[in-house]
Amino acid sequence: MFEDRIYEMKEITYDRQRLEDFYNRVKHLSVDYSEIRNRATKGLFSSIKLDKDNHEGKEFLDYPEISEIVEQFNPVKKKIGNGNIAITVYQPHFEFHPHTDFSRKSVIMIPILPTDGGKGLDFYADEILGEDAHLVHTDEQAMAPGHDEEFYLGTCEYSTIHPTLMDTERVHGVRNDDRTRVYLQISIYDMFEDTVKRIKSGEFLSIKEK
Ligand SMILES: [Fe+2]
């Protein structure tokens, strides 16, 4: 389902437990999104972005737990830098209303917690954004309408073994359950379809012999 919006990279695997251990070392650094973006729901959505000042003088790519994952990906438009990496933390029952993402074209999603990957991603027909379509790339996004059965297309679950590429230009949202949901996200600026083609042709992934 949703092959035109997500691609599970069965070609490679990741070590979820290793990322959970890493998260436990940096989770005190998470910043509430409402401090960065207007109108974000306070206290429910935070993000960890390491920078040189806040943690051991190191950024994400200075840690092998992260760099060994990132080194496998070879996007065309924009090399993956520290600014394109985040660990997002959704508190229980947080709802990320249907939206499309700002600036990035797709994202590599790597679930950390809960151990089964937690609540998947909801996809919606474009029409759900209706008259608010012009707001979706702005800070007003949080004011966009929430889940609507009429436009709901279904939910995809993320693998906790393989990273998943997702098309952030398609309308998507999350309705979290009663668990904290922690994901490593890596932003990609090439079109989703182009990256899928490059994965299939062997250009996108550097696969290490084990
Ligand atoms: Fe998004």
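1. What is the order of the strands in the open sheet? This is a predicted model, and in it seven strands form an open sheet in the order β1-β9-β6-β11-β4-β3-β2, with antiparallel pairing. β1 and β2 (31-32) are the edge strands, each pairing on one side only.

2. Strand β9 (residues 164-167) is antiparallel to β1 (residues 6-8), with three bridges between them. Ile 6 has Met 166 of β9 as its bridge partner. β9 is also joined to β6 (residues 106-113) by four bridges, again in the antiparallel sense. There, Ser 106 is the bridge partner of Asp 167.

3. Which residues of β9 point one way, and which the other? Thr 164 and Met 166 share one direction, while Leu 165 and Asp 167 take the other. In a regular strand, side chains alternate between the two faces of the sheet.

4. The largest nonpolar core contains 43 residues. Those with the most contacts inside it are Ile 108, Met 109, Ile 110, Ile 112, Leu 165, Leu 184 and Ile 186. β6 gives the most to this core, namely six residues.

5. What does Ile 110 touch, leaving aside its neighbours within four places in sequence? Its contacts are Tyr 14, Leu 19, Ile 69, Pro 163, Tyr 183 and Leu 184. Leu 184 is also listed among the residues with the most contacts inside the core.

6. Helix α1 (residues 16-26) lies across β3 (45-48), β4, β6 and β11. The angle between α1 and β6 is about 85°. Helix α3 also packs on the sheet, where it touches β1, β6, β9 and β11. The direction of α3 makes about 150° with that of β9.

7. In α3 (residues 192-200), the buried residues are Phe 192, Thr 195 and Val 196. Why do they line one face of the helix? Seen down the axis of α3, the buried residues fall within an arc of 100°, so they line one face. An α-helix has 3.6 residues a turn, so residues three or four places apart point the same way. The cover over the buried residues of α3 includes β1, β6, β9 and β11 (181-188). Just after α3, Gly 202 has a positive phi of about 90°.

8. The peptide bond from Leu 113 to Pro 114 deserves a check: it is cis, with omega near -10°. Pro 114 is in the loop between β6 and β7 (121-124).

9. Phe 2, in the segment before β1, has phi near 65°. With 16 other C-beta atoms within 10 Å, Phe 2 is partly exposed. His 93 has a phi of about 70° and lies in the loop between β4 and β5 (95-99). Is His 93 buried or exposed? His 93 is exposed, because it has 11 other C-beta atoms within 10 Å, and the cut-off for exposed is 12 or fewer.

How values were computed:
Residues are numbered from 1 along each chain as its sequence is written. This is a predicted model: local features need pLDDT of at least 70, side-chain atom pairs count only at pLDDT 80 or more; totals for chains, interfaces and linings use all residues. A residue is buried if 20 or more other C-beta atoms lie within 10 Å of its own, exposed if 12 or fewer, and partly exposed in between; C-beta atoms are placed from the backbone. Helices (H or I, at least four residues) and strands (E, at least two) are DSSP runs, numbered from the N terminus. Two strands pair if DSSP finds at least two bridges between them. A nonpolar core is a set of buried Ala, Val, Leu, Ile, Met, Phe, Trp, Tyr and Cys residues joined through C-beta atoms within 7 Å. Two residues are in contact if their C-beta atoms, placed from the backbone, lie within 7 Å. The arc is that of the directions from the helix axis to the C-beta atoms. Axes are lines fitted to C-alpha atoms, for helices over the stretch in contact, and angles run from 0 to 180 degrees between N-to-C directions.
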